[in-house]
Structure formats: C-alpha cells, structure tokens
Amino acid sequence: MRTDAQMDRLNGPRGWRDTAAHYALLPLRVFLGVTFIYAGLDKLTDSAFTKSGGAGSVGDTMRAARDSAAIPALVDLALKAPVGFGYAIALGELAVGIGTLLGLVARLAALGGALISFSLWMTVSWATTPYYYGNDLAYLMAWIPLVLAGAPYLSVDAAWRARRRQRLGGYR
C-alpha cells in the first residue's frame with residue numbers, strides 16, 4: 001500500500017492539479033449558497049410574494065402550477081396555507097444558503113437545498129418542455145455533490161473537525 005502520494009497531498013506542497021481538484025467544489029458551494037440566500041431574501045422582501053392571492057403571489061403561482069405538476073398533492077398541501085408555505089420556502093432557502101456558504105452542517109444544508117429544488121421541480125417547473133429548460137432539475141443535480149462531500153475545507157464543519165481532532169490527540 002502506497003502512502004507517499006496521500007502524505008504529499010495532505011502535508012507537502014501541491015501541484016496546481018492537486019490544488020484544483022481539492023478545491024473543485026468550492027465554486028459550486030459559493031454559487032449555490034449565494035443564490036439561495038438571494039432567493040430567500042428576494043422572497044421575504046417582495047410584499048406581493050407573501051400573499052395568498054394577486055399578481056406575483058405564492059398562492060397564484062401554486063394555483064397556476066397545480067394542474068401541470070407531477071405531484072399535485074404537494075401543491076394542494078401548499079395551498080392549504082399559501083402564506084405560511086411562502087415564508088417556509090423563503091426561510092428554508094435562506095437557511096440552506098447560509099449553511100452552504102459557511103459550511104455549517106453542510107451536508108444537511110445541501111440536503112435541504114436538494115429537497116427544495118426537487119419539490120419545485122415536481123411542482124412549478126415540471127411542465128417545462130423540453131425538461132432541460134427548467135432550472136430546478138439542474139439545481140437538484142448541483143446539490144448532489146455537496147450532499148455527498150459536504151464542506152471539507154474552508155468551513156465551520158472543517159474547523160469543528162480540526163478542533164475535535166486536536167482535543168482527541170490527533171485521532172479522527
């Protein structure tokens with residue numbers, strides 16, 4: 001078993017390819033984090049969105065999407081309390097964005113982002129044809145690497161892991 005390549009990567013100088021591979025998920029994490037923070041703040045500051053009816057409201061958006069949704073029961077559930085649902089989506093996007101950007105419980109944040117994207121794909125953008133014009137499916141696929149990898153560096157999670165490892169005397 002060779003350990004020298006792993007040791008060089010962890011402790012020694014890296015080549016540009018190793019460095020690029022190590023930080024490959026960082027742009028995705030920053031993009032998704034900033035995008036979801038923006039989306040959450042945009043919804044919370046839009047007075048029309050947080051209403052049950054009217055142009056641009058979450059209620060009208062859900063009613064328009066209901067008949068073409070893959071899972072109309074999700075839309076029906078949201079329509080029972082459209083204002084509460086609107087706030088839940090906005091606050092969920094904000095929490096996911098902050099967690100992703102900071103790397104704070106990053107896998108859980110990414111899972112939340114994937115669930116939001118999945119629910120929006122199954123409801124609002126399901127009828128988009130061809131399917132690749134709908135952005136919610138692309139966001140869902142973008143969340144998967146972060147669900148799998150988390151935020152192993154430049155994150156609160158990494159700082160907690162390093163601190164825990166230090167307290168345990170170097171053991172993982």
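Mentor: Axes here are lines fitted to C-alpha atoms, for helices over the stretch in contact, and angles run from 0 to 180 degrees between N-to-C directions; helices are DSSP runs (H or I, at least four residues) numbered from the N terminus. The model is predicted, so local features need pLDDT of at least 70 and side-chain atom pairs count only at pLDDT 80 or more, while totals for chains, interfaces and linings use all residues. Residues are numbered from 1 along each chain as its sequence is written, and side-chain values use heavy atoms, with hydrogens and water left out.

Helix α6 (residues 82-102) packs against helix α7 (residues 106-123) at an angle of about 140°, their axes being 8 Å apart, which makes α6 oblique to α7, since angles under 35 degrees count as roughly parallel, over 145 as roughly antiparallel, 65 to 115 as roughly perpendicular and the rest as oblique. The residues in contact (heavy atoms within 4.5 Å) include Gly 92, Val 96 and Gly 99 of α6, and Ala 109, Gly 113 and Ile 116 of α7.

On α3, the packing with α6 has an angle of about 150° and axes 7 Å apart, and that makes α3 roughly antiparallel to α6. Among the residues that meet there are Val 30, Gly 33, Phe 36 and Ile 37 in α3, and Leu 94, Val 96, Gly 97 and Leu 101 in α6.

How values were computed
Helices (H or I, at least four residues) and strands (E, at least two) are DSSP runs, numbered from the N terminus.
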